[in-house]
Amino acid sequence: MSTAPRAHCSLDADGRITFRLRPPAAARPRLLLVLRPRKGGPEETTHTLDLEPHGDGGEFRAVLEPLPRLAEGRWDTYLLPGPDAGRERLRPGLRDLRALVDGGPPDRPSPVAVRVPYATKDGFLAIRAWLRTAHAEAGPVDIADGTMTVRARLHGAGLSPSAEAVLRLRGTEDTLHAVPVRPARDGGFAFTVAYEDLTASGSRVWDVFLRPAADAPLTRVGRLLDDVADRKAVFVYPRVTVGGSGVRPYYTVDNDLAVEVTALG
């Protein structure tokens, strides 16, 4: 891995990513993005960018524009040194993600497209992309007295007076628990879930959604709009004992909010 070329990248408020690197002995270098397939599946989706000389120091630059939007998933980055050369994984250099820290625009249109460059567990550069018709961005999650209160903001759709938060038992389509949402002065909303209402089904996981209007499809509640590509091990909430069960909210590998119920004893 020590000989793999290193790429610096910066991201602006529109989702535009600029890559900079010094490819070793490259004739006509290009940057290759490959959507990571499901385990055991073939690579099917790629995106190639031309690398152009930038300055006099041997540096090349490529720009990934906001359009076309990247499909949701993890995109691995490679250097293509020339027409007949094999691809080489890229290591991360400096990553300037300051444009993501404050969450960006307060109201994003549909579709909601997000890109976050990050370093993989094995030390290579990749991009985590989300692409959703609508998205409910979770803010603070407060846990007190056997309840969970979530503050959030809806992007890509409108919030009606009949909106409700819906928890769906994972692996089912019809086992639902709904609670009303409370509009907030800042344009967001909040909802509170009593943990005891989730324990009757035993050790299971409840995925958290928003139904923006009575006949609207469910919109996932998660936290995507900052510079954290993998939130599961970063935002860890306490487990609360309710009856004979332990209950805790957590973020999934896709940064979506869920609640885990575990039978104790």
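Trainee: What volume does the second largest pocket have?

Mentor: A word on the source comes before the reply. This is a predicted model, in which local features need pLDDT of at least 70, side-chain atom pairs count only at pLDDT 80 or more, and totals for chains, interfaces and linings use all residues. Residues are numbered from 1 along each chain as its sequence is written, and side-chain values use heavy atoms, with hydrogens and water left out. A pocket is an open set of points on a 1 Å grid over the protein atoms alone, where a 1.4 Å probe fits and protein lies on both sides within 12 Å along at least five of seven lines; lining residues have an atom within 4 Å of a point. Grid points are joined across faces, edges and corners, and the volume is the space filled by probe spheres set on the points. For the second largest pocket that volume is about 360 Å³.

Trainee: Which residues of its lining lie nearest the centre of the second largest pocket?

Mentor: They are E137, A138, G139, R153 and H155, out of 21 lining residues. Strand 12 and strand 13 (147-155) each supply at least two residues of this lining; strands are DSSP runs (E, at least two residues), numbered from the N terminus. By class, the lining holds 9 nonpolar, 5 polar and 7 charged residues. Here Ala, Val, Leu, Ile, Met, Phe, Trp, Tyr, Cys and Pro count as nonpolar, Asp, Glu, Lys and Arg as charged, and the others, Gly among them, as polar.

Trainee: How many residues line the largest pocket, and how do they divide by class?

Mentor: The largest pocket, with about 430 Å³ of space, is lined by 20 residues. A13, D14, G15, R108 and A113 lie nearest its centre. The lining divides into 12 nonpolar, 3 polar and 5 charged residues, and strand 10 (residues 112-119) gives the largest share, 4 residues.

Trainee: Let us turn to strands. Are the faces of strand 19 covered or open?

Mentor: In a regular strand the side chains alternate between the two faces of the sheet. In strand 19 (residues 219-222), T219 and V221 on one side and R220 and G222 on the other are all buried, where buried means under 20% relative accessible area, exposed over 50% and partly exposed in between (1.4 Å probe, protein chains only).

Trainee: Which strands pair with strand 19, and in what direction do they run?

Mentor: Two strands pair if DSSP finds at least two bridges between them. Strand 12 (residues 135-144) runs parallel to strand 19, with 2 bridges, and E137 has G222 as its bridge partner. Strand 18 (residues 204-211) runs antiparallel to strand 19, also with 2 bridges; there F209 is partnered by R220.

Trainee: How many residues of strand 7 are buried, and which strands does strand 7 join?

Mentor: In strand 7 (residues 73-80), 8 of its 8 residues are buried. Strand 7 runs antiparallel to strand 3 (residues 30-35) with 6 bridges, L32 standing opposite Y78. Strand 11 (residues 125-132) is antiparallel to strand 7 with 4 bridges, and D76 faces A126 there. Strand 8 (residues 88-89) is likewise antiparallel to strand 7, through 2 bridges, with L79 opposite E88.

Trainee: Why does L210 count as buried?

Mentor: L210 counts as buried because its relative accessibility is 0%. This residue belongs to strand 18. Contact means heavy atoms within 4.5 Å; not counting residues up to four places away in sequence, L210 touches several residues, including A136, L154, F189 and V221.

Trainee: How many aromatic pairs does a search of the whole structure find?

Mentor: A pair of aromatic rings is described by the distance of the centres and the angle of the planes. Rings of Phe, Tyr and Trp (its six-membered ring) pair if their centres lie within 6.5 Å; planes under 30 degrees apart count as stacked, over 60 as edge-to-face and the rest as tilted. The search finds 3 such pairs. F235 and Y251 are edge-to-face because their centres are 6.2 Å apart and their planes stand at 90 degrees. F235 lies in the loop between strand 19 and strand 20 (240-242), and Y251 in strand 21 (residues 245-251), 16 residues apart. F235 is partly exposed at 26% relative accessibility, whereas Y251 is buried at 0%. Y237 and Y251 form a tilted pair, 6.3 Å centre to centre with 50 degrees between the planes.
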